[in-house]
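Hello,

Here is the structure I promised to pass on. Please open it alongside this note, which runs through what I found.

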Amino acid sequence: MAIIESTAPSDAEREHRKYWNGVDRSFIPAGTLRVPDGLKLHSEADTEIDPITFEVVRHSLWNANEEHGSIITNLAVSPITLETRDFQTAIITADGEILFFGPYLQYLAGFMDMVVKFIIEQRGNDVKPGDMWLVNDPWIGTAHQPDVNLLCPVFVGDELFCWVANNVHQNDIGGTVPGSFCTNAQDAFWDPVSIPPCRIVRDGEIQRDVEDFYRRQSRTPVNIALDLRACIAGNNAARDRILGMAKRYGAATVKGVMNGLLDASQSAFTNLLETIPDGEWHERCYQEVAVTGDRGSYRIEMQLRKEGDRLIFANKGTDPEVGAINLTFGAHRGTTLAAINVLVLAEQMGVIGGAARQIDYEPESGTITCCDYGVAVSPAGVYANELMMAMANAVVTKMLLCSSSEAVRAKALASTPGQWHLHIHAGNNQRGAYYVGPMLDAIIGTTGATATADGDFANGVWWIPEGRGPNVETYERDWPILYLYRREDSDSGGAGRFRGGNGGRIGYIPHGGEMGVGVYPAEGLPKSPGILGALPGSIGETVLLQGSDIRAQLAAGNLPSSVEGLTGTRVPTQGKGDPLLVDDDSVMEWNWGGSAGYGDPLTREPARVAADLAAGQISAEVADREYGVVLVDGAVDEAATQERRTALRKARLAGAGIDREPAARDFSVADGTTMIGADIALDQDAGTYRCAYCGDRLGSLDGHTREHVAVWEHAVQEIGPRFSDPSQYIDQELVYREILCCGCGHRFGTEVSRPEDDLVVDFRIHAS
Amino acid sequence: MASSIAPDRSLIAAVDIGGTFTDCVIVDDEGKVAYGKSLSTPADDFQSGFFGSLEAAAAQAGYPAEELFERLTRLVSHGSTVATNIVVEERGARVGVLTTKGHEDTLIMMRGLGRVTGEPPENLLRVTETRKPTPIVPRDRIRGVSERVDSAGTVVVELDEQQLEAEVRALVADGCEAFAVCFLWSIQNPAHELRAREIVRRVAPDAFVTVSHELSKSVGEYERTVAAVINAFVGPKTSQYLTKLEAQLSKLGFGDGLMLMQCHGGMVPLEDGKDRPILTIGSGPVGGIVGTQRLAADLGFRDVIATDMGGTSFDVGIIKDLDPEVAEGTTIGKYAYKIPAVEVLSIGAGGGSIAWIDEASGTLRVGPQSASSNPGPACYDRGGVEPTVTDANLVLGYLDPKAVFGTSGDRQIHPRLDLAEAAVRRVAEPLGLSVTDAALGIIEIINAKMANVLERVVVGRGFDPRDFAILSYGGSGPLHAAGYARELGVEQVVIPGEVASVWSAFGIGLSDVRYQQEEDCQLVEPFTSADLQTPFEAIEQVLREQVAASRVGGGVDPQLVRHARVRYEWQRHELEILVPAGELGEEAVSQLRAAFEASYAGRYGAAALLPEANLEIVSVTSEAVVSTGVQAVSRTAPGATDRAPDGATRTVHFERGEDGVEAAVLRSDDLQPGQSVTGPAVIDLPTTGIVVPPGTRVARGDGGDFIMTFGG
């Protein structure tokens, strides 16, 4: 529960408020909530509620939030809202804790509560029944400007009882690029307008002046007007439902259930944390190209610490804010809470506020992942948020793998793509109407591997559980395009003991209208880290073929299944580059990335590799090079496979400068030994981490798992067939590292890094 | 009360094959009803259950079974369970899929929804515990064919017939016995699908072939592919079952053809429905909605929520202005498709729902896990130990402790109160509650969950539940109706007479013959009335021919009912708007807008309207209705009822923390039309009972229905 203070602030609090003020820097609520005199918060709550009434009220609150979501999906028009479920509905307590959060886009979890606190503290005397507040200022709390919050205070009598709120992605809210992901934005003034909390609904009526101002920002004003009405209708329904409950069961009872649910979520979280030793987990990735025309690479860091019953997320070592690849604190926090909400606390059905009480942040301001006011953030929904999502996914997964509970370890999941791969085109459709068309095929998705199972192609995106992939016909009906193919992209899932799910590949042509492509994937660096030696998921790329013979091919009855074999000129594409100009003879191909794998691929059961190859999910090249499986007429040759795998381990060691035969993999781990995955044994007697295969020492228990490892550095494009030479996009050198057991050549990690950067410290457990 | 059906009457019969029971209802031409029940018999293709139910109904009506077939003028059935079981048990035909080259993965991708489809909300976030299903057709039996049509119906790439034939031959060689053909935009130009069917029929004359555009005219290739694949998957076995049934019927002297109930709420002659068995999926519950619609009209209600609570699921349908709401899509198992259907939404709440304690909050929860029929509730004494809703009903005295479930032999169940109490104690003790308080809690929670679902369904469509009456049927419905109706603020609940236990069959028996045509269109304002007229004329021409050619169509000029699916441009959700029949005048366009705005404002409030937004007509449908004129004067039957001993009471619990009360026990004949009882009372009905809480009044209507109203 937030501490509501009326005493004078301490110097530290005063300092915090001055610094994290939502004006110069991101807003971060102080530990205490200061409510102005003109606003009364309802606080009367029953503490003794029988377990039956509790459940009836719990289900009704959950239901009110679901109903809110149904209304938005029925009435909204933004395809991003409808298909990727890029929206969220929430019930938030009077003092700003998230009670219920819907099964929609999860990273929106991280700021709606903060916005409530901001409004209370900065606008509290104006918070009135019947009003709704619109906010899309990323420094106060949203992921980027197109994600617009609409918050509705719910009053019982003259007391603020709780809030209902939604955040809905708008198809276009202005800025330099149609669709409002402004990849060329030099600063916040190229981005769409950032609107601090303003009352767009007063006493139940839309304020015409405010709405006119809001509509004026958009290339598609009618669309955002309809979406606004959808959001108002959703809030109205949820508010009425909660007021009905307060009347029926008593406001104090409903409030008591809200408190009880948050306490239960908190204790479920701390109970789970008890199974995990204190420690630190770390991830690092690089974002290439900060803005159109840039050729740099930028380091993003995420550290997760567990200390007793608290988690601390930090971004130490992240590069300074730059170009248009930044995100604010709210978005940053959102990605971490999304990982907790789904990967850790799925049973709580979206009650995230209790867990959030146990989580602290140590952000360094002025960095890419906690930028100060004034820099561009609008493309965050494609780049920065997704990368943070993948990184939060990875650090939380590493932490879960250290649990003593099998059920908790089973929640560990390798990351999905760290960018949102899509094309956004705009122009005039076949009916002559102006349109903005985001192709959201990536929501068809892919899942990462777990410690016991492969990921799956087309298995949705875990952090948007209800997202739905588009039908080809739905897009072709509204936009002037024609799909040539859309299918599983082989070799795109990260190789591993358990393989990451593949992504998809799409070919399409303009058809019957006029269009240009403003946003498209052109990535040089992987961003979905492999776990415990597996490979990352693939990158996203775009091929543009101009002056092709596609029309002649189609007329001749040939429907191509790839751009290979078509004539025409390949136009080089650049990450966050200028819009692509397309005409009738253009062909475009793009892909959505695969997910990361789990464990060293040389430990994958050979029969699984044979099955993958037969199903076309991997190529013969990968079966041989990554998995070391030798097949004769489709069947596994066990002896030759053993030999090939030993040779590959030897080659790895040689690459790391160790020129000898790999050690025998015959170490037997004593029963009862604490393990990290199946790969690292914690030898308490010797005080060391050991390779579970050959017994070689990896590091001391008071240090970490990468103190004594071999490192093979080679080129990024050598990760696999779905990676390319990053020098086409960036000028700095980056290397691909394989982190190996010095004894047997077992692979414990893979990473892309600047040559001068230290190794990522995967696991640092503070043995008690 | 109804007397026996007179011997010289012509009869119609309807049979509903369910998972456990096969139900039959007979209606004579004076509207009198009789019914029978028999165990379903999947082992012999459901045949003995089918005939058993007819015999039981004939016996209730009071004459020998052989006479029945001579008097029958119409027999309606549905293969719903037959087709549904084939899908659920994954024992359908070996299907080959032919689709547009480059889009072979459409069925595999499942729009990315394979993991969450069909899962209860409790599982949505459980990413590592829930998985995508194994594909219903493996990837190597899905073949891409070179062909392409665009969204306007223009051919972009000609169909490569040679390649298609080669693929068909390869699939036949691989053992395929059924084919599903789904090409992109076949709804705009079906030529390639039709040609593909010709080729399949030539190459594999015995194979069952489905082309997608004949099942659905909706935009969206995934749902259309699923529809085609499921139709092909169930086709051969369903055909076999129907052929067998027809042969047996004709042997028994039934001269007329069989009719099939369809999920769109009407029936069609067998010969017109045989190729589309998918339309029978879900048709049983839709029969229940049709019955509800008829009952609503008889009783003078316009807006009714139909609720069917059984052992494992709670099904809901909505009748608004006497018309059933149409489904946006249908889900079977993990698969979603979109064909014209009356909406029946289902959640996992029933008599078998299990109560448990949530460790984190220390509170009681009910469901979504179910003891289903195996092992069933603890009181069934079949190995179940977890407390279920049915156990709670028994503990509280809602269910007759001497009740017998099932029909005969070893399938009969005599519920045991001691086992029910022991089961409920498992949650009562840790929570510090008495067994009866815990049982009341279980009922309160399941009622609240059902009320919440109803609210979400009704409010989600923009309606106010308080404007509706509730109709309750199914094995567990009447036990809970008072509870969930009160939660919703509904004022009246109707529980049909004893026919309630065979309600779907009853509705099927009253159905009209219906043929439907739909046309996708992409009409965005501004458009003229002529633009609107054109697609209707095209489909109505087809409809008239269809009716004229059918067994029921001789000399009949069918009534045509038109609808347009309308939305604001760019929305993805439409409202169905009634369009006048015949030649449309210039005013038709403004009338359409006015009707859309009225419906939209009625549902979402006038503030949700945006007059400057363009309207878009997504599709038009026209339906030819040939009325059968069947009426039922009552929902009860002779000999179906009995009386409780005078002054019978039993202890029934209503309020937590209070002692039980001695409630009057009635059986249906204790309450004659015009009479009423005020709770506390229970009305024991065969296999279920009506719980009448204190202060609640139940009156018996003329048709034998029980009408519950709440005091205050």
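A:D491 sits in the loop that links β17 (481-489) to β18 (503-510) of chain A. Please keep in mind throughout that this is a predicted model. A:D491 is not a glycine, yet its phi is positive, about 65°. Is A:D491 buried or exposed? It counts as buried, because 24 C-beta neighbours fall inside 10 Å and the cut-off for burial is 20 or more.

A:A458 is another such case. Its phi is positive too, about 55°, and it is not a glycine either. The residue belongs to the loop between β16 (434-439) and α13 (472-478) of chain A. A:A458 has 28 C-beta neighbours inside 10 Å, so it counts as buried. Most residues other than glycine have a negative phi, and most peptide bonds are trans.

**Cis peptides in chain B**

Where are the cis bonds? One joins B:E525 and B:P526, with omega about 0°. B:P526 lies in the loop between β23 and α15 (529-549) of chain B. Another cis bond joins B:G679 and B:P680, with omega about 15°. Look for B:P680 in the loop between β29 (676-678) and β30 (681-685) of chain B.

B:D512 is placed in the loop between α14 (503-510) and β23 of chain B. It has 19 C-beta neighbours inside 10 Å, so it counts as partly exposed. The cut-off for buried is 20 or more. Which residues does B:D512 touch, leaving aside neighbours within four places in sequence? They are B:G266, B:V625, B:V626, B:S627 and B:T628. B:G629 is worth a look as well. It is 117 residues from B:D512 in sequence, but the two C-alpha atoms are 7.8 Å apart.

**A helix pair in chain A**

Helix α9 (residues 329-344) of chain A packs on helix α11 (residues 384-401) of chain A. The axes are 9 Å apart and the angle is about 45°. That angle makes α9(A) oblique to α11(A). The crossing of α9(A) past α11(A) is right-handed. On the α9(A) side, the contact residues include A:A331, A:T335, A:A338, A:A339 and A:L343. From α11(A), they include A:M388, A:M389, A:A392 and A:V396. The residues of this contact are 10 nonpolar and 6 polar, with no charged ones.

**The A-B interface**

How many residues of chain B are in contact with chain A? There are 67, and they meet 71 residues of chain A. Several elements of chain B give two or more residues to this side: α4 (106-109), β8 (155-157), α7 (221-251), β20 (363-370), α12 (435-460) and β23 (513-524). The largest share, 10 residues, comes from α12(B). By type, the chain B side has 28 nonpolar, 18 polar and 21 charged residues.

**Confidence**

The model scores ipTM 0.95 and pTM 0.94. Chain B has a mean pLDDT of 89, and 96% of its residues reach 70 or more. Residues 1-6 of chain B are the stretch to watch, with pLDDT below 50. This stretch has 17 contacts in the model beyond near neighbours in sequence. Where pLDDT is low, the predicted coordinates should not be read in detail.

Best wishes

Conventions:
Residues are numbered from 1 along each chain as its sequence is written. Chains are lettered from A and ligands numbered from 1 in the order in which they are written. This is a predicted model: local features need pLDDT of at least 70, side-chain atom pairs count only at pLDDT 80 or more; totals for chains, interfaces and linings use all residues. Two residues are in contact if their C-beta atoms, placed from the backbone, lie within 7 Å. Helices (H or I, at least four residues) and strands (E, at least two) are DSSP runs, numbered from the N terminus. Ala, Val, Leu, Ile, Met, Phe, Trp, Tyr, Cys and Pro count as nonpolar, Asp, Glu, Lys and Arg as charged, and the others, Gly among them, as polar. pLDDT is the predictor's confidence in each residue, from 0 to 100. Axes are lines fitted to C-alpha atoms, for helices over the stretch in contact, and angles run from 0 to 180 degrees between N-to-C directions. Angles under 35 degrees count as roughly parallel, over 145 as roughly antiparallel, 65 to 115 as roughly perpendicular and the rest as oblique. A crossing is left-handed if the near helix is turned anticlockwise from the far one by less than a right angle, and right-handed if clockwise. A residue is buried if 20 or more other C-beta atoms lie within 10 Å of its own, exposed if 12 or fewer, and partly exposed in between; C-beta atoms are placed from the backbone.
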